[in-house]
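Please take a moment to look over the sequence and the structure shown below.

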Amino acid sequence: MTDLRRVGISPDFWYPVALSREVPKGETRAAAFAGERLALYRGAQGAVYALEDRCAHRQVPLSMGVVEGETLRCCYHAWAYRGNGRICQIPYLPKGGERPPRGVRAYPVREAYGLVFVFPGEPEKAAATPLPDLPEFASPRHRTMTFSRAVHCHYSFMHENLLDMNHQFLHRGVIGRIQPKLLGYDAGPQSVEARYLFTSGKGKKDFGAGLLSAKGPRGSKGSDVITIRTEYPYQTLRLAPTNTELPAFSLWAAYVPEDAEQRVTRAYGLLMIAKPPVPGALPLAWPFIRRFTERVFAQDRTAVEAEQRAWDEQGEDRNHEVFPLILDLRDVLRGNGAPLPS
Amino acid sequence: MTDLRRVGISPDFWYPVALSREVPKGETRAAAFAGERLALYRGAQGAVYALEDRCAHRQVPLSMGVVEGETLRCCYHAWAYRGNGRICQIPYLPKGGERPPRGVRAYPVREAYGLVFVFPGEPEKAAATPLPDLPEFASPRHRTMTFSRAVHCHYSFMHENLLDMNHQFLHRGVIGRIQPKLLGYDAGPQSVEARYLFTSGKGKKDFGAGLLSAKGPRGSKGSDVITIRTEYPYQTLRLAPTNTELPAFSLWAAYVPEDAEQRVTRAYGLLMIAKPPVPGALPLAWPFIRRFTERVFAQDRTAVEAEQRAWDEQGEDRNHEVFPLILDLRDVLRGNGAPLPS
Amino acid sequence: MTDLRRVGISPDFWYPVALSREVPKGETRAAAFAGERLALYRGAQGAVYALEDRCAHRQVPLSMGVVEGETLRCCYHAWAYRGNGRICQIPYLPKGGERPPRGVRAYPVREAYGLVFVFPGEPEKAAATPLPDLPEFASPRHRTMTFSRAVHCHYSFMHENLLDMNHQFLHRGVIGRIQPKLLGYDAGPQSVEARYLFTSGKGKKDFGAGLLSAKGPRGSKGSDVITIRTEYPYQTLRLAPTNTELPAFSLWAAYVPEDAEQRVTRAYGLLMIAKPPVPGALPLAWPFIRRFTERVFAQDRTAVEAEQRAWDEQGEDRNHEVFPLILDLRDVLRGNGAPLPS
């Protein structure tokens with residue numbers, strides 16, 4: 001059986017590679033998908049383009065270039081490209097030289113949810129492949145907190161981390177002792193969904209944690225049902241609180257490999273929080289929620305990066321997984337993935 | 001003949017891997033022996049345990065875990081281990097998963113001389129293998145200065161450095177010009193012992209050097225007999241001064257490879273100094289002796305790390321050694337060593 | 001056809017490896033040519049010597065050693081070398097050891113133009129191989145600005161950068177928009193020479209640029225003829241201004257590989273500027289010219305290092321060069337080069 005950490009992510013989906021605000025009009029930005037370097041740029045009319053980040057002439061990154069209207073000019077010898085990757089000008093084209101190349105690869109691009117998505121797979125599949133559907137993002141009853149962070153591990157560790165809620169011990173200093181109980185789970189060829197009951201135990205708790213959990217900011221007791229779902233290649237987490245004074249929220253996450261070996265992942269997250277009845281309460285709570293989620297994420301990162309380092313040293317996956325739904329998750333990630341270039 | 005820098009140290013000895021005070025009660029500490037990662041922890045009753053530093057579940061370092069009584073709990077999913085490496089609890093053990101592993105490797109541990117020793121070799125040999133015998137350590141007539149430092153070279157360079165006293169030119173700025181004279185040496189299958197006569201020459205000298213050498217702090221002349229012995233795998237240096245106002249001292253050193261290629265060594269040293277007749281003189285001299293030894297060690301480190309870098313670049317040992325006792329030392333280190341994992 | 005970036009530079013030429021002032025009397029300096037480490041030292045009588053930078057005894061760098069008269073003593077066990085590389089003293093030479101080695105390799109050395117040149121190729125070719133001839137360096141009508149900087153790329157990228165003046169777009173922020181026009185070029189087995197006409201266009205311009213270009217510091221218009229020549233292995237650039245109030249200048253450059261893979265190059269440059277009629281004008285302009293050339297060089301470095309990174313990632317040269325004289329230049333560099341050690 002193939003080592004899961006050697007399974008590449010399938011390129012035939014839409015992956016975020018930048019936040020929209022990271023690509024202002026008339027500017028470029030370097031991005032990457034699984035070792036493919038991308039030059040993003042936003043033309044004068046507002047559209048974002050994604051080209052292979054190598055000038056066809058001398059391989060210098062096009063992301064070091066200059067946007068002129070809807071075209072991108074390489075910084076070195078000023079060759080100009082259209083958004084479809086075709087070369088439209090070589091300022092000094094000489095006679096007697098070699099025939100110039102036609103251009104570079106261009107990637108389908110879409111913007112949604114404040115993110116720039118590219119389709120790194122077979123371009124003809126792009127149109128038929130839907131973007132993730134996140135109705136809460138645009139809903140006036142929700143507000144969204146956006147995350148983007150590099151994590152030094154294979155994307156599969158991220159999926160396993162979130163889906164196996166028995167790792168709450170890791171967060172004991174932030175959310176207190178929690179005993180998650182698995183209520184049930186479903187697995188299919190593209191997805192695994194698990195439902196947990198969270199009951200707060202003892203232990204000190206981050207203030208922001210109270211704002212996002214069953215116990216509530218005022219310490220009232222309760223329990224939450226949390227539903228986590230990997231729907232290849234994305235992952236979601238939903239909280240439906242039993243304590244009605246608390247906001248429901250959902251998290252959408254995509255884990256995008258940056259390097260060719262897929263051991264560095266950029267995690268994009270959209271945390272969509274239902275606005276509570278009291279106006280102004282959510283903006284007030286916002287910085288606390290941000291701080292809480294940053295602390296939790298920092299602990300998760302420590303664990304998954306330690307897993308990757310162990311894999312790097314051992315040269316293979318020596319995990320002894322005992323949790324059935326994680327075994328099913330691994331099958332989903334293995335079955336939908338793509339071979340890594342050897 | 002095998003390249004000496006490719007000979008691993010024999011694991012069938014007791015090696016220090018931490019200072020005792022680096023492992024307080026209820027805490028963990030990561031250590032390493034020749035690429036094997038160790039999780040040290042001290043239980044509630046004061047004993048130190050040494051486990052393989054990988055949780056059997058997902059290979060996360062157990063040294064990131066939490067001590068509970070005499071057990072160690074992994075930080076991630078809270079699996080708990082006994083000091084013998086056996087798993088004693090998986091808090092959420094599910095039905096239908098894979099059978100959990102029994103545990104991880106545990107290493108024999110002993111504490112002595114303020115050091116935590118482990119036995120990385122075949123465990124059944126541990127009981128019959130003695131710790132080094134250092135009667136001066138506990139003697140009321142001596143006081144011990146302890147050293148622990150990483151040096152980026154193979155352990156053999158450390159042995160050769162100390163045993164070949166012709167390298168005093170390296171320390172000319174600290175101890176002045178010294179012309180060491182080899183009085184004689186003995187070599188056996190496990191040991192080489194050399195006796196040198198040190199006569200001080202010209203040149204400026206560190207104040208601390210005077211406190212530890214024949215010339216004496218007041219500049220009186222004299223000569224020292226220094227005896228250096230590699231008794232595999234340890235090394236000692238003894239000074240018996242001819243000038244009776246000076247303290248005799250002895251140094252015990254162990255060179256412990258940290259990485260699998262054994263190109264990073266942690267040097268542990270115990271410098272046991274005889275208390276002089278005047279009460280309070282040794283505490284007064286203490287910081288100067290510390291500074292002097294640090295300066296000498298820094299110079300030695302520069303040299304042996306340069307040797308390792310040359311080896312790394314040349315890919316083999318190109319030394320032209322002309323000093324017979326060093327040739328014998330190499331035979332001892334080669335003959336008692338172990339093959340490196342390829 | 002061999003990948004140009006895998007072609008080593010020919011060792012059978014004189015290459016600068018240090019500035020003369022970097023090797024004061026009685027001191028040593030580490031240098032390198034294509035992975036060969038050199039210990040330079042200047043003896044008491046003023047001559048510079050270049051030895052292999054490894055003591056024959058234990059391979060410690062001789063550049064860490066001590067100059068004594070015309071000899072160099074290793075810092076570790078004090079073996080002493082003559083400038084011809086022969087060992088002249090081992091202070092403690094024991095009986096019964098291995099026969100000591102005779103010495104280390106010495107390189108022919110010459111000093112000129114404020115640079116220390118060595119001849120890394122076959123020593124018997126050194127005498128018949130001339131140093132570059134730079135009459136302007138000693139001329140009272142010129143003053144020379146000297147450059148020495150490490151650039152992380154193969155030397156061939158440096159030649160291509162300077163010879164293909166269509167890269168002026170890279171410098172648009174410093175020298176304004178310039179449209180260079182190729183007037184003609186000649187290529188031979190050891191050389192390529194190109195002549196360009198530079199006409200200033202729009203765009204902001206560094207003040208120092210005006211001091212070195214046709215437009216002049218006062219903004220008067222004009223055009224320059226620039227002649228660039230690769231005469232293996234060196235490169236020169238000459239400006240003969242049409243605007244007579246401007247100084248003519250010439251640049252001589254050598255690109256010296258430092259590492260064995262020849263992906264790090266030290267660029268040495270001598271910018272020889274004709275003194276203008278007004279006395280004191282050139283000293284006044286000096287810091288501006290220095291700043292301008294530093295800015296231009298920093299931009300070139302960005303481009304050539306990006307090229308090298310692309311090559312490293314792609315593992316081969318994927319350039320699509322369309323400029324005929326660069327294709328000829330590549331033939332010159334390939335035809336005169338040497339195989340890299342595999």
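Predicted model: local features only at pLDDT ≥ 70, side-chain atom pairs only at ≥ 80, totals over all residues.

**From sheets to interfaces**

In chain B, 4 strands with antiparallel pairing make up an open sheet whose order is 3-4-5-10, where strands are DSSP runs (E, at least two residues) and helices are DSSP runs too (H or I, at least four residues), both numbered from the N terminus, and where two strands pair if DSSP finds at least two bridges between them. The edges of this sheet are strand 3 (28-33) and strand 10 (106-107) of chain B, each of which pairs on one side only. Within the sheet, strand 4 (residues 36-42) and strand 5 (residues 48-52) of chain B run antiparallel and are paired over 5 bridges, and one residue of this pairing, L40(B), has A50(B) in strand 5 of chain B as its bridge partner.

Residues are numbered from 1 along each chain as its sequence is written, chains are lettered from A and ligands numbered from 1 in the order in which they are written, and side-chain values use heavy atoms, with hydrogens and water left out.

Chain A also has an open sheet of 4 strands, in the order 3-4-5-10 and with antiparallel pairing, and its edge strands are strand 3 (28-33) and strand 10 (106-107) of chain A, each pairing on one side only. Strand 3 and strand 4 of chain A are joined in the antiparallel sense by 6 bridges, and here R29(A) has L40(A) in strand 4 of chain A as its bridge partner. The hairpin that these two strands form has 2 residues between the strands, and A34(A) takes a positive phi near 50° in it.

On the next step through the sheet, strand 4 (residues 36-42) of chain A is joined to strand 5 (residues 48-52) of chain A by 5 bridges, again in the antiparallel sense. Y41(A) is partnered with Y49(A) in strand 5 of chain A, and R42(A) with V48(A) in that strand. The hairpin of strand 4 and strand 5 of chain A has 5 residues between the strands, and in this hairpin G46(A) takes a positive phi near 100°. Strand 4 of chain A is largely enclosed by the rest of the structure, because 5 of its 7 residues are buried, a term that means under 20% relative accessible area, with exposed meaning over 50% and partly exposed lying in between (1.4 Å probe, protein chains only).

S20(A) lies in the loop between strand 2 (15-19) and strand 3 of chain A, and it counts as buried because its relative accessibility is 16%.

How do the chains meet? Between chain A and chain C, 28 residues from chain A and 29 residues from chain C take part in the contact. The area buried there is about 2300 Å², with carbon and sulfur atoms giving 56%; buried area is the accessible area (1.4 Å probe) that two parts lose on being put together, summed over both. On the side of chain A, R58(A), Q59(A) and Y76(A) lose the most area to chain C, together 31% of what that side buries. There are 5 salt bridges between chain A and chain C, each a side-chain nitrogen of Lys or Arg within 4 Å of a carboxyl oxygen of Asp or Glu, and among them is that of R54(A) with E313(C), whose closest N and O atoms are 2.5 Å apart.

Turning to chain B, 29 residues of chain A are in contact with 28 residues of chain B, and about 2200 Å² is buried between the two chains, 56% of it on carbon and sulfur atoms. F169(A), H320(A) and V322(A) supply 28% of the area that chain A buries against chain B, more than any other three residues. Across this interface there are 5 salt bridges, including one between R58(B) and E321(A), where the closest N and O atoms are 2.9 Å apart.

Conventions: Contact = heavy atoms within 4.5 Å.
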